[in-house]
Amino acid sequence: SLGGSKPGVVIPVVLPQPGPLGVRVEKKSNNSASAIVNQVVEGTQAHQAGMQRGDVLCFAGSQGQEEIPYDMFLQLAQSNQRPIHLEVRRMTVEQKKQEAASAGTNAASGFKSADAEARRQAVIAAAEAREKAHKQKTKPTKYVTKSTLAKQQEQQKRSSEAVSSSTTEPMSEASRMAALQAKQGEAALAAQLGYNPYETAKSSAGQARNATTTVQHGQINSGNDDGTLPVVVEPSNPTTAVGEVDDPSIEVPSTFEEALATLVSSSSSENNNSLSILSKLIINATTKGQQQDNDDAAKFRKVRLANPKIKAAVVDVEGALDVMMMVGFELVEDDNGESCLVFPPQYHGPEWLAMALKRMETVLQQSQK
């Protein structure tokens, strides 16, 4: 290919036969009005010589730099001079792209000239090249939307349930009665508490994030500035404050027993400290925390989970948080963004609370032996 102002691939052409050449030319849009091929008739000597639409006709031996004027080529074609030796300069695809980028495009209407068509093809080639490069750089990334993920999880859940139901043996009559009694007990507990403790607690994204961060990584600020636990003031008769203990009709829910068993089996030496602290916090919340509706009473109903001692006794001990929430504590986020357990005012706990405290005391005494 040539450099300079006239790039292209130079191809020598010989038209040896007399008569029509089989090529139609037009004036190129330049100052010299040189000839450019507009049409090549199939089967003619121009077609056999390899001439194509868009070829620029040049003098032989000029290396494609000296273009034949339009009028001169017409006279040469109409004469009897044969063979005709000439050269054609043909633009490559890459050169058409470069020319289109520098020269731009002109809108054509009606009959399109070969020169305009060459420019149009160059623009199309340049656009296709840019589109191809863009697609390679920006390959589509496959992602799963939240709705699609939820559907997939639901399908997996249904599949698991189907497999489980197909492989599980039918329940015996005793098992069915036990399950029915458990459901009735859960319903009775929900009626006593005024809410269903078995439902998933709903919280905002910020509350969930702060609660998780505080429980796992956060440092705790206790109610007192020195970082110590709140002083537990024992009531004159704590069992009376939280209900009758010896009522045989009152039973501790099995869910509480399970949480207590988890707490006891989760560690060894920490259990004694955790049980003791849990009992004191529950007694404080249901007695001193209920006497007056002021700041002094409120501090007995609030437990900051970031306190190091609370964290070690409640957060880090498996089952301890469950015990606290089953007796009435609620996991909330205060004005400072800290996660806390808060016991509601004007509430002395569920009717089985005294039995639960006695059960905790019994377990603590047994563990100390």
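Cysteine 58 is buried, its relative accessible area being 0%, and cysteine 340 is likewise buried, also at 0%. Here buried means under 20% relative accessible area, exposed means over 50%, and partly exposed covers the range in between (1.4 Å probe, protein chains only). Zero disulfides turn up in a search of the whole structure, a disulfide being a pair of cysteine sulfur atoms within 2.5 Å.

A word on the source is in order: this is a predicted model, in which local features need pLDDT of at least 70 and side-chain atom pairs count only at pLDDT 80 or more, while totals for chains, interfaces and linings use all residues. Residues are numbered from 1 along each chain as its sequence is written, and side-chain values use heavy atoms, with hydrogens and water left out.

Helices (H or I, at least four residues) and strands (E, at least two) are DSSP runs numbered from the N terminus, and two strands pair if DSSP finds at least two bridges between them. The open sheet has three strands in the order β6-β8-β7, with antiparallel pairing. Strands β6 (302-304) and β7 (330-333) stand at the edges with a single partner strand each, so one side of each has no neighbour in the sheet. From one strand to the next the twist averages 35°, based on axes that are lines fitted to C-alpha atoms (for helices over the stretch in contact) and on angles from 0 to 180 degrees between N-to-C directions. Between β6 and strand β8 (residues 339-342), which run antiparallel, there are three bridges.

The structure holds eight salt bridges, each defined as a side-chain nitrogen of Lys or Arg within 4 Å of a carboxyl oxygen of Asp or Glu. Two of them involve residues of β6. In one, the side chains of arginine 304 and glutamate 338 meet at 3.5 Å, N to O. This pair links distant parts of the chain, with arginine 304 in strand β6 and glutamate 338 in the loop between β7 and β8, 34 residues apart. Arginine 304 is partly exposed at a relative accessible area of 24%, whereas glutamate 338 is buried at 15%.

In the other, aspartate 334 and lysine 302 form a salt bridge through their side chains (3.6 Å, N to O). Aspartate 334 belongs to the loop between β7 and β8 and lysine 302 to strand β6, so the pair ties together parts 32 residues apart in sequence. Aspartate 334 counts as buried at 13% relative accessibility, and lysine 302 as partly exposed at 28%.

Elsewhere, glutamate 67 forms a salt bridge with lysine 28, the closest N and O atoms lying 3.4 Å apart. Glutamate 67 sits in the loop between β4 (56-59) and α2 (70-78), and lysine 28 in the loop between β2 (23-27) and β3 (35-40), 39 residues apart. Both residues, glutamate 67 and lysine 28, are buried. A network of salt bridges links Lys28, Glu67 and Arg89.

Finally, helix α9 (residues 254-266) has 13 residues that should span 18 Å at 1.5 Å a residue, and its end C-alpha atoms are 18 Å apart, in agreement; the expected span is 1.5 Å times one less than the number of residues. The buried residues of α9 are Thr255, Phe256, Ala259, Leu260 and Leu263. Seen down the axis, these buried residues of α9 fall within an arc of 135°, so they line one face of the helix; the arc is that of the directions from the helix axis to the C-beta atoms. Exposed residues Glu258 and Ser265 are carried on the face of α9 turned away from its buried side.
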